[in-house]
Amino acid sequence: MDLDLFARPRRNRKNPAIRALVRETSLRPDQLVMPCFVREGKGISEPILSMPGIARHTIDRLVEEARTWHSLGLQGIAPFPVTSESQKDATASLADQDDNLFHTAVRAVKDAVPGLQIFTDVALDPYTDHGHDGLLSPDGRILNDETVEVLCRMAVAQARAGADFVAPSDMMDGRVGAIRAALDAEGFQDTGILAYSAKYASAFYGPFRDALSSAPKAGDKKTYQMDPANRREARREAQLDEAEGADILMVKPALAYLDILSDLRQITDLPLCAYHVSGEYAMLQAAARNGWLDYDRTLLESLVSIRRAGADFVLTYGAADAAKLLG
Ligand code: PBG
């Protein structure tokens with residue numbers, strides 16, 4: 001029998017009901033996490049020009065937003081602090097202070113919306129005057145093990161403030177195991193680790209660095225973030241993070257790295273997430289604002305594609321928009 005003569009795949013697409021029944025990938029608000037920015041002050045939501053629709057919120061405003069996001073069905077946020085230049089220094093002294101802006105914000109959101117999971121970023125770049133994620137040697141190298149010590153203190157401070165998961169995004173070697181040991185030693189066995197396992201040295205982080213004024217003053221992040229040309233290396237990073245005790249693994253950015261997500265889906269049974277980053281969001285907004293793309297539809301198509309490639313959940317600046325669209 002010549003199968004081609006009989007094959008009619010369109011039968012399974014002929015109306016919305018059958019399309020729903022055979023749909024392979026779901027996209028729900030509870031699979032989305034909202035990254036967000038917190039700044040000093042009161043009553044202010046300051047728009048970020050390169051990320052239309054996204055703002056730097058003061059703590060009171062962030063708490064209100066968090067309530068709204070939770071009521072839309074989002075189950076998590078990933079907050080980042082905007083630190084004034086005068087508070088940044090070479091060693092990121094502010095990073096592990098219990099009463100800094102960031103930890104105060106985490107405590108306030110946790111108090112107000114306890115069910116919302118808080119994923120806190122562990123990396124030095126919001127606090128360093130040079131903009132790097134780690135400590136710098138006098139000759140401009142990133143010091144791995146010295147940085148890991150600061151990251152451990154930072155992760156413990158975040159756990160103390162109420163973080164549900166700490167999320168090391170710095171790409172130092174050995175940080176997941178060291179952070180796990182530090183959390184356990186302080187009694188934070190229930191605080192998880194979401195490891196940015198395959199984080200690439202990407203130009204798609206541009207708008208995020210505008211939002212935090214955190215672009216490196218000199219050099220780039222290529223000695224710690226991964227080379228976009230590498231695929232096998234992502235498997236190795238993921239295997240190391242899993243062995244060191246990570247609870248969830250991440251691929252970042254998302255759309256240009258769907259092959260990486262799909263690879264990691266094959267080799268780990270841990271939950272996987274992807275970060276649909278600032279530049280990916282900005283592209284959709286920019287095209288939509290020019291009338292060139294339909295934002296709602298391209299957003300949902302992007303997110304379902306990231307899910308299809310293997311992500312259990314997605315960090316996206318479009319989380320609240322998508323949750324509204326999904327109803
Ligand atoms: C910092 C960090 C960055 C992002 C998340 N955490 C920027 C960077 O590595 O330079 C980028 C997120 C985005 O672009 O949305 N460690």
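This is a predicted model: local features need pLDDT of at least 70, side-chain atom pairs count only at pLDDT 80 or more; totals for chains, interfaces and linings use all residues.
**Ligand site, ring pairs and backbone features**

An oxygen atom of the ligand lies 2.7 Å from an N or O atom in the side chain of R209. Residues are numbered from 1 along each chain as its sequence is written, and side-chain values use heavy atoms, without hydrogens or water.

The side chain of K221 also places an N or O atom 2.7 Å from a ligand oxygen. For the side chain of S278, the distance is 2.7 Å. A polar contact is a pair of N or O atoms within 3.5 Å. The protein covers 100% of the 400 Å² of accessible area that the ligand has on its own (Shrake-Rupley method, 1.4 Å probe).

In total, 18 residues surround the ligand, each with a heavy atom within 4 Å of it. K199, R209, K252, S278 and Y317 are the closest. The shell divides into 8 nonpolar, 3 polar and 7 charged residues. Here Asp, Glu, Lys and Arg count as charged; Ala, Val, Leu, Ile, Met, Phe, Trp, Tyr, Cys and Pro count as nonpolar; the others, Gly among them, count as polar.

Aromatic pairs number 11. Rings of Phe, Tyr and Trp (its six-membered ring) pair if their centres lie within 6.5 Å; planes under 30 degrees apart count as stacked, over 60 as edge-to-face and the rest as tilted. The F37 and Y317 rings have centres 6.1 Å apart and planes at 5 degrees, so this pair is stacked. The pair links distant parts of the chain, 280 residues apart. F37 belongs to strand β1 (residues 32-39), and Y317 to the loop between β12 (313-316) and α12 (319-326). Helices (H or I, at least four residues) and strands (E, at least two) are DSSP runs, numbered from the N terminus.

The peptide bond from K252 to P253 is cis, with omega near -10 degrees. P253 is in the loop between β10 (248-252) and α9 (258-267). A92 is not a glycine, yet has a positive phi of about 55 degrees.

Methods: A polar contact is a pair of N or O atoms within 3.5 Å; within protein, one must be able to donate a hydrogen and the other to accept it, and residues adjacent in sequence count only if both atoms are side-chain atoms.
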